[in-house]
Amino acid sequence: MTARGTFPHRLLPYLLLAPQLAITLVFFYWPAAQALYQSLLREDPFGLKSRFVGLANFRRVLSEPSYLNSLEVTVIFSVATAVSAMAIALLLATMADKIVKGRGLYRTLMIWPYAVAPAIAGMLWLFLFNPTMGTFAYMLRSTGYNWDPLLNGNQAMVLIIAAAAWKQISYNFLFFVAGLQSIPRTLIEAAAIDGAGETKRFWTIVFPLLAPITFFLLVINTTYAFFDTFGIIHAVTGGGPGKATETLVYKVYNDGFVNLQLGSSAAQSVILMIIVIALTAVQFRYVEKRVHYG
Amino acid sequence: MSLRTTTAALSAGFLIFSAVPSLAVTDISWWHAMTGANNEVVETLSKEFNESQSEYKVTPVFKGTYPETLNAGIAAFRANQTPHIIQVFDVGTGVMMAAEGAVKPVAEILSMGGGEFDKSKYLPGIVAYYSKPDGTMLSFPYNSSSPILYYNKDIFEKAGLDAANPPKTWPEVFDAARKIKESGAAACGYTSTWLTWIGLENFSAWNNLQYATNENGLASTDIELTFNTEPFVRHFQNIADLAKEEVFRYGGRTSEAKQLFLSGECGILTESSGGLGDVVKSGINYGIGQLPYYPDLEGAPQNTIPGGASLWVFAGHDDAEYEGVSAFFQFLSQPEIQQRLHQASGYLPVTMEAYEATKASGFYEKNPGRETPITQMMGKEPTANSKGIRIVNMPQVRDIENEEFEKMLAGEQTAQQALDNAVERGNVAIQQALGN
């Protein structure tokens, strides 16, 4: 069983692939190769003096305590964001599945936040919770709670996790709703007749049947938390206070574009690339095996 | 011909330039980082310059924040697509100076096209900051500011303080701040923008203390930070203590704290003189005082060092274009323009003539406190500690300082620990940036 012969001309498949290949080459392989090259050099910001240093940039980056700190920050941030965004979305989706009246309106409203750009989402949360001007920050402080994410690293972390998760809930909600709709009613009804309560029905029937979608969302949400949240962190905390919210991606930006250390920044992005490749490989190799595709 | 052109330009705006192609207008691009009211000034100045003559046309392009503009310039240089003029903030000065061959000294530019460059026409404190060790002025000081003290007169009266006399020394400021909080006149006594620029860099110059070796980097790029000495530690421990008592409120790393003052939450603020526009606009009953100092320190108050930004010229353009840049800088140096800029924005005048003219016009009598940022900077002959601070990776060093301050204000470490850490980490970063 081969696909050979389905195309009338031998060149046609390559021609059809060409646009996608061109895009990948220009937007991925080219910059990635540049980063790899840059990571072996040490040069001044203007590129006037440049020197080959081998793996010195990598050695320096990996021995920096602040790099290990940002690795830790990234893990905490990504896990918390992915888990809370998915858990809340699942809860809302099962709720939405039950209501009869106004279901469409409810779903539409739930999907809206996804259309908000990360930087804007960050600004919204900043305006609400920034201690110098935020409405909610003012209310929190007036209850006597010492709300100060500008100095308290844990509070800053909670703030960016909330903003990042809030934005992603809509997307997850959409998929969970679709997943719930595809579960045959008969299965659930049969379980109900057998005397299974609502909670039991959810954990033994609904949740396992949602596994493929949950797995898909886990991949998407992890990637999101890793890469698409830069705008939120940039707008809300700028990596501070101290280095409490400096994720790996934010550190690449900060070292490269604020501190102008291109070699170190490039080395970090190469490491990041390796981490992502490894993470994806692990997810597809091991986690996927446990997923039941029904 | 020239009269007709001018009249037409005035009535038809920039349409005239497309109407007279034979004149072959030379385009000059100007990348800047000015927003709001300051952006309007940029637009107006360019328009006025373009209308005042017909040979050159300056096109201002907004490139984002200060660091973003600097990055855009660096990227443009690497791609051989540089603008003629780029506005670089004070901390970027060291970065630009280290890029010899990428920039053309402004002293050279100003003497092109029949112009003449007379250094004595410009304010010495500002010229010194933007010059090489040998005295060559490298960039054109466009917007210079100096940190001052703002206070809310209504809050002062409510707290039973003398609203006509702002506190002059740091102990007085801390006392007043505590009184404001204790009396309930405001939720917070004192806040400050830019803890690095005001609390460390200007603090060292104003109190005549060493910030780093080799004249704070002006004599050589290979330096060691030294700001973990007693007066610095004492000052920051005072602030940390006030933060603990909730008398001092932290706003953020740059100018966010201004908001705390404008909203009436804090009674006293140390901020750039360039922030005056917003303070005036907010309509609060404010007063201005000079930057506080410690009276027991020898030589204090000395002089402050300028902040703000300057205009740099990229190398590699034609002489004809440089003549245009020169004409534009000469235009900006005119006393009337400088006077207007100074009076409207709170930024300092760049030339002596503009300063003298503003003085003679009685502006300072009518607006008490407005001369403070200038007298602070020019009051005394600068010492080795107060000429300025230059580090090749100043933005990174400030980042490190901010991180340590935040940990200190959160109560995680003492001022001594914060400053020791900042010095140690800063020195490592400087050596890395120097390529060692």
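## Where the two chains meet

Let's start at the meeting point of the two chains: 27 residues of chain B are in contact with 19 residues of chain A. On the chain B side, the elements that give two or more residues to this contact are α4 (66-78), α5 (93-98), α13 (258-262) and α20 (394-409). Helix α20(B) has the largest share of that side, with seven residues. Sorted by class, the chain B side holds 12 nonpolar, eight polar and seven charged residues. Keep in mind as you read on that this is a predicted model.

## A closer look at α20(B)

How many residues does α20(B) have, and how far does it reach? The helix has 16 residues and runs 22 Å from its first C-alpha to its last, close to the 22 Å expected at 1.5 Å a residue.

Just after the helix comes Gly411(B), with a positive phi of about 85°.

## Chain B in two domains

Chain B splits into domain 1 (2-145 + 306-361) and domain 2 (147-304 + 381-433). Take the centres over C-alpha atoms, and the two domains of chain B sit 31 Å apart. Their contact uses 19 residues from domain 1 and 20 residues from domain 2 of chain B.

On the domain 1 side of that contact, α5, α7 (124-129), β5 (140-145) and β11 (307-314) of chain B each bring at least two residues. The most comes from α5(B), which gives five residues. So what classes of residue make up the domain 1 side? There are 10 nonpolar, nine polar and no charged residues on the side of domain 1 of chain B that touches domain 2.

## The five-stranded sheet

Chain B also has an open sheet of five strands, in the order β8-β7-β9-β6-β10, with mixed pairing. Strands β8 (248-249) and β10 (286-289) of chain B stand at the edges with a single partner strand each, so one side of each has no neighbour in the sheet. As background, strands of a sheet pair through backbone hydrogen bonds, either parallel or antiparallel.

Strand β9(B) shows both kinds of pairing. Five bridges join β9 (residues 266-272) to β6 (residues 147-152) of chain B, and those two strands run antiparallel. Four bridges join β7 (residues 188-192) of chain B to β9(B), and here the strands run parallel. Which residue of β9(B) does Tyr151(B) stand opposite? That's Ile268(B), and Tyr190(B) stands opposite Ile268(B) too. Leu149(B) has Thr270(B) as its bridge partner in β9(B). Seven of the seven residues of β9(B) are buried, so this strand is largely enclosed by the rest of the structure.

## Over to chain A

What does chain A contain in the way of helices and strands? It has 13 helices and two strands. Its C-alpha trace spans about 75 × 75 × 30 Å along the principal axes. Of the 294 residues of chain A, 32% count as buried. Counting contacts in chain A with a separation of 6 or more, 68% are between residues 24 or more positions apart.

Helix α7 (residues 153-181) of chain A has 29 residues, which at 1.5 Å a residue should span 42 Å; the end C-alpha atoms are 41 Å apart, so the two values agree. There's a kink of about 35° in α7(A), centred on Ile169(A).

## One residue up close: Ala119(A)

Ala119(A) is found in helix α5 (residues 118-129) of chain A. Why does Ala119(A) count as partly exposed? It has 14 C-beta neighbours inside 10 Å, and the partly exposed class lies between 12 or fewer (exposed) and 20 or more (buried).

Leaving out residues up to four places away in sequence, Ala119(A) touches Gly231(A), His234(A) and Ala235(A). Ala119(A) and Ala82(A), on the other hand, are 37 residues apart in sequence and 18 Å apart in space, C-alpha to C-alpha.

Definitions and conventions: Residues are numbered from 1 along each chain as its sequence is written. Chains are lettered from A and ligands numbered from 1 in the order in which they are written. This is a predicted model: local features need pLDDT of at least 70, side-chain atom pairs count only at pLDDT 80 or more; totals for chains, interfaces and linings use all residues. Two residues are in contact if their C-beta atoms, placed from the backbone, lie within 7 Å. Two strands pair if DSSP finds at least two bridges between them. The expected span of a helix is 1.5 Å times one less than its number of residues. The bend at a residue is the angle between axes fitted to the seven residues ending there and the seven starting there. Ala, Val, Leu, Ile, Met, Phe, Trp, Tyr, Cys and Pro count as nonpolar, Asp, Glu, Lys and Arg as charged, and the others, Gly among them, as polar. Domain bounds come from an automatic or database domain assignment.
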